[in-house]
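User: I'm new to this structure and would like to go through a few parts of it with you. Could you take a look with me?

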Protein chains: 2
Amino acid sequence: MPADRRTRILIVGGGFGGVYAAMELERLLRKDPDVEVGLISNENYLVFQPLLPEVISGSIGILDTISPIRRLCPNTDLYCREVESIDLTTRTVTASSGFRPRPYKLECDHLVLALGTLTSFVNQPGLEEHALPFKSLGDGLALRNHIIHALEEADIETDAEMRRALLTFVVAGGGFSGVEAVAELNDFVRKVARSFRRIERGEIRVVLLHAGPLILPELPADLAGFAQRLLQRRGVEIRLNTRLAGATGETALLSGGERIPTRTLVSTVPAAPHPLVSALPCRKEKGRIVVDSFLEVPDFPGVWAVGDCAWILDSKSGKPCPPTAQHAIREARCLAGNLVAGLKGRPKRAFTFQALGKLAALGHHSAVAEVLGIKLSGFVAWLLWRTIYLMKMPGFDRKVRVAVAWFMDLLLPPDIVQLKTGNSPGFGREHFEAHEIIFRQGDRGDRLYIIVDGEVDVVREAASSVEEVLARLVSGECFGEMALVSDSPRMATARSATAVNLLTVDRDGFNALFSHYPPLRRFFQQVINDRLRPEGPAKAHPAANAGRDHPSS
Amino acid sequence: MPADRRTRILIVGGGFGGVYAAMELERLLRKDPDVEVGLISNENYLVFQPLLPEVISGSIGILDTISPIRRLCPNTDLYCREVESIDLTTRTVTASSGFRPRPYKLECDHLVLALGTLTSFVNQPGLEEHALPFKSLGDGLALRNHIIHALEEADIETDAEMRRALLTFVVAGGGFSGVEAVAELNDFVRKVARSFRRIERGEIRVVLLHAGPLILPELPADLAGFAQRLLQRRGVEIRLNTRLAGATGETALLSGGERIPTRTLVSTVPAAPHPLVSALPCRKEKGRIVVDSFLEVPDFPGVWAVGDCAWILDSKSGKPCPPTAQHAIREARCLAGNLVAGLKGRPKRAFTFQALGKLAALGHHSAVAEVLGIKLSGFVAWLLWRTIYLMKMPGFDRKVRVAVAWFMDLLLPPDIVQLKTGNSPGFGREHFEAHEIIFRQGDRGDRLYIIVDGEVDVVREAASSVEEVLARLVSGECFGEMALVSDSPRMATARSATAVNLLTVDRDGFNALFSHYPPLRRFFQQVINDRLRPEGPAKAHPAANAGRDHPSS
């Protein structure tokens with residue numbers, strides 16, 4: 001922090017609300033030496049959300065959907081860190097550590113909250129573990145790689161059931177982002193399947209789950225109907241009035257109880273408040289920060305909020321503003337104007353904005369649009385969609401890159417390289433519904449399991465196909481360590497007795513930890529020895545006793 | 001495996017040797033129904049190594065340096081898996097598991113080994129933990145992100161010493177790949193520094209370490225001298241006759257004992273044999289598989305080897321072939337020809353090839369080249385370099401993409417977005433030389449440490465700046481758990497007493513593991529209780545006793 005008494009403005013969040021507020025402040029302040037603007041964001045770029053679905057198909061370059069924040073607001077101090085806590089009274093933000101483990105505190109005179117929302121899978125069993133979110137650039141890349149991985153595996157899989165699950169792709173949520181995602185996913189999978197020798201296009205199944213009676217509830221019914229028929233014609237199976245109720249590694253569980261075997265489940269719902277927003281002591285409405293008509297937070301002088309994290313009532317219509325980029329940008333400009341007006345002693349302006357229109361891309365040269373009251377669909381809407389977003393894309397170099405990429409996409413085949421990120425050894429989480437196989441006798445032992453909650457049966461399959469239940473394990477017990485220690489195939493099958501949540505430690509992690517820390521190694525050896533003793537140890541409360549009389553792995 | 005008796009050819013490895021062998025086999029066999037060609041590779045793309053340095057600066061798109069193998073050899077069965085073991089006698093390859101933990105076995109009549117080499121940091125203390133390799137596409141992306149991360153941190157760092165380390169970039173190895181990497185790195189860092197408000201270009205230090213008296217030993221001395229002077233003029237500090245001896249998280253250790261404080265250390269040496277090759281029972285020379293003049297492995301009928309993993313003597317000159325892409329491609333074609341000749345009962349051909357030339361790009365429109373005996377340097381060599389590689393780039397769509405990217409690079413500023421890959425909670429490794437700070441009293445507790453080897457002092461710093469050594473910890477002990485359990489700052493400083501290797505478990509991993517597995521939680525609570533007892537437990541062999549009488553965290 002500088003020691004001088006310049007006015008410090010700190011913006012928290014690097015989405016449309018935060019970055020456009022910084023851009024507008026720079027424009028209005030014109031390098032005013034008495035004001036400093038800072039922005040803290042966990043990424044050093046702004047994601048241009050409307051183009052994110054195109055990352056799936058790679059029709060634009062991976063980096064083309066994002067703009068470096070430093071280039072958009074060159075006179076703003078960018079702090080590329082995670083926010084750990086916010087104090088509204090002292091207007092202090094604590095950021096995560098950098099290369100050294102030291103907390104980093106930032107104080108300011110004006111604090112602008114632009115934290116957006118997060119995808120939250122809380123209370124939906126198995127989604128946290130097995131569903132793919134679709135909100136950040138990282139999500140888009142991970143989904144793309146996952147799809148290619150599933151196709152690679154399907155191409156060499158001989159088991160018919162497994163093959164079907166690998167070639168089934170389920171997207172939950174029929175709003176804008178779900179529809180745009182499923183459209184791109186469907187186009188991409190069907191197009192690139194040609195490059196896989198043993199995959200027939202007819203084998204591919206793409207399913208869209210939607211809770212309501214018609215997709216795209218944000219649009220007029222006739223446009224939504226057009227979109228729905230178009231997607232169906234292109235092979236998307238649309239399941240209306242159906243919610244995603246849960247997931248395991250192998251199935252999507254639908255609200256009616258039906259299960260769809262799949263290895264690729266994308267969920268675009270629901271958006272939940274950012275935990276930092278939930279922790280704030282100010283007044284909230286539906287989890288969003290209540291602001292006055294000037295976008296200031298009541299009772300906390302110098303604190304402002306903008307974008308999806310704010311509960312903003314339009315000053316003309318009195319209605320709450322929807323969480324769209326169009327609104328966030330206008331709100332950010334209004335906020336910056338009011339903030340500067342306050343500094344200069346000029347009057348503030350109440351926020352009002354009428355959305356110009358709504359656009360949804362449907363993949364392969366189609367879209368639906370409602371712009372200034374006019375409804376468009378098909379190719380014309382698609383051209384309009386591209387033109388509008390190209391104009392709105394911040395940064396000149398981005399516009400050029402996207403335009404070139406779109407042009408090349410018309411000529412060249414889509415990419416099918418799978419960019420694996422080097423996954424470090426570590427921990428994982430898995431969810432199983434009742435009566436599912438966790439691993440099979442004879443499988444390779446690739447991880448240790450710890451039961452977070454639920455119960456698991458350890459079963460020995462005999463040659464006569466009669467099975468023998470060796471043990472029932474409960475919360476706080478571990479299993480599967482023996483195949484890791486001995487590097488042999490699994491000696492028994494593990495099957496969930498109830499719905500179960502598991503924590504896993506992979507082979508590399510297990511080996512590193514237990515080979516270098518003798519006390520832990522002795523601890524696990526004791527666990528194994530107890531299991532192998534025919535009579536087993538005295539049975540106290542199960543959670544107090546990891547050693548049980550069964551070969552579980 | 002199909003039950004019929006078609007001839008099966010299996011290629012192991014997806015580099016130039018493997019992919020070009022598959023392409024040539026497809027060409028020669030012309031969809032012969034009696035022969036099946038398979039290729040197993042851990043990535044589904046071929047990396048065009050010569051363009052890899054451009055990934056650092058982003059002057060070509062991330063995906064432009066790689067070509068999907070499926071498109072290059074559409075009639076080959078691609079198995080996108082890791083190879084786990086190879087049996088030369090039965091010609092059986094075991095691959096890693098896919099979505100299910102089942103081993104995957106592939107048998108064949110002809111086995112082509114094209115495993116290449118790996119970067120190996122064995123026997124160089126600290127390199128495995130702290131040096132960045134530069135061989136795969138993943139390495140290139142990781143390096144690029146690391147550089148941007150260092151710049152982001154330097155921009156907001158106030159500690160002068162830390163700032164210097166963040167702005168110092170060290171590349172070890174003055175051969176082709178080291179020189180091309182340092183040239184791109186230097187250009188990129190100096191160019192993008194403009195976008196960081198508080199970084200002066202004069203603060204940036206880029207160092208190239210080279211073991212010999214002149215860089216680029218592969219080239220004639222006058223061209224190497226030209227390259228050396230050019231890099232120096234552009235600000236690269238070249239340290240000749242200097243080897244990298246080791247590394248910690250904060251310094252590069254040079255052979256003479258000097259230390260360069262840096263947070264970015266790239267090592268392009270040495271290339272080591274693939275562990276799978278080392279495990280093979282056939283004859284080897286310098287770790288490479290010895291083959292006859294037809295590229296067959298003696299004593300193992302039906303086994304062939306090609307590329308960097310093979311020890312190939314040129315049949316005219318009698319000299320071993322260098323490990324270059326040019327050679328791998330020619331070897332692959334010769335091998336494919338001989339394999340098909342064997343199938344059809346035609347005569348085989350001994351391998352010979354005279355390299356056409358050598359090219360090294362020096363960044364920013366410069367290169368050095370020796371082509372067909374003619375020496376070129378500067379802009380002309382650079383134009384030649386681009387033209388040749390564009391022609392050699394496999395796949396038409398790739399040629400177009402690279403050409404367009406190069407053209408745009410002339411017009412648009414380089415990209416500075418940092419693509420973070422979501423790193424899962426997990427384990428890490430760290431190396432410290434003697435008398436270095438591992439963490440400081442007051443730091444945030446972000447991980448648990450386990451001593452693999454070496455010794456660590458736990459030190460309490462008093463207000464009078466007199467320090468008190470609380471304990472000395474040895475191999476097999478852990479420290480730092482207390483700040484994790486209590487979520488408080490470090491209560492003491494940990495400092496290496498000798499050179500030390502550490503295994504770390506991060507906060508998320510620690511919490512997940514110990515909160516869900518009560519026996520382990522009780523185990524660690526006991527460790528902590530023992531430490532807090534003023535007298536401590538009876539001292540047996542230290543490694544046998546994780547509980548010690550000191551507050552280590």
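User: Which residues does B:V303 touch, not counting residues up to four places away in sequence?

Analyst: This is a predicted model, in which local features need pLDDT of at least 70 and side-chain atom pairs count only at pLDDT 80 or more, while totals for chains, interfaces and linings use all residues. Residues are numbered from 1 along each chain as its sequence is written, chains are lettered from A and ligands numbered from 1 in the order in which they are written, and side-chain values use heavy atoms, with hydrogens and water left out. With that count, B:V303 touches B:L88, B:R91, B:L111, B:L113, B:E296 and B:V297, where contact means heavy atoms within 4.5 Å.

User: Is B:V303 buried or exposed?

Analyst: B:V303 has a relative accessible area of 0% and is therefore buried (buried is under 20%, exposed over 50%, partly exposed in between, with a 1.4 Å probe and protein chains only). B:V303 lies in strand β22 of chain B, residues 303-305 (strands are DSSP runs of E, at least two residues, and helices are runs of H or I, at least four, numbered from the N terminus).

User: Changing topic, which residues of α11(A) are buried?

Analyst: They are A:A381, A:W382, A:W385, A:R386, A:I388 and A:Y389, and what covers them includes α2, α7, β24, β25, β26 and α12 of chain A.

User: What span should the 14 residues of helix α11 of chain A have?

Analyst: At 1.5 Å a residue, residues 379-392 should span 20 Å, and the end C-alpha atoms are 20 Å apart, which agrees; the expected span is 1.5 Å times one less than the number of residues.

User: And between the chains, how many residues are in contact?

Analyst: In chain A, 99 residues are in contact with 100 residues of chain B, and the area buried between the two chains is about 8,800 Å², of which carbon and sulfur atoms give 56% (this is the accessible area, with a 1.4 Å probe, that two parts lose on being put together, summed over both). A:F99, A:F427 and A:R444 supply 10% of the area that chain A buries against chain B, more than any other three residues.

User: How many salt bridges are found across that interface?

Analyst: The rule finds 12 salt bridges between chain A and chain B, each being a side-chain nitrogen of Lys or Arg within 4 Å of a carboxyl oxygen of Asp or Glu. The side chains of A:E84 and B:R444 also meet in a salt bridge, at 2.3 Å from N to O.
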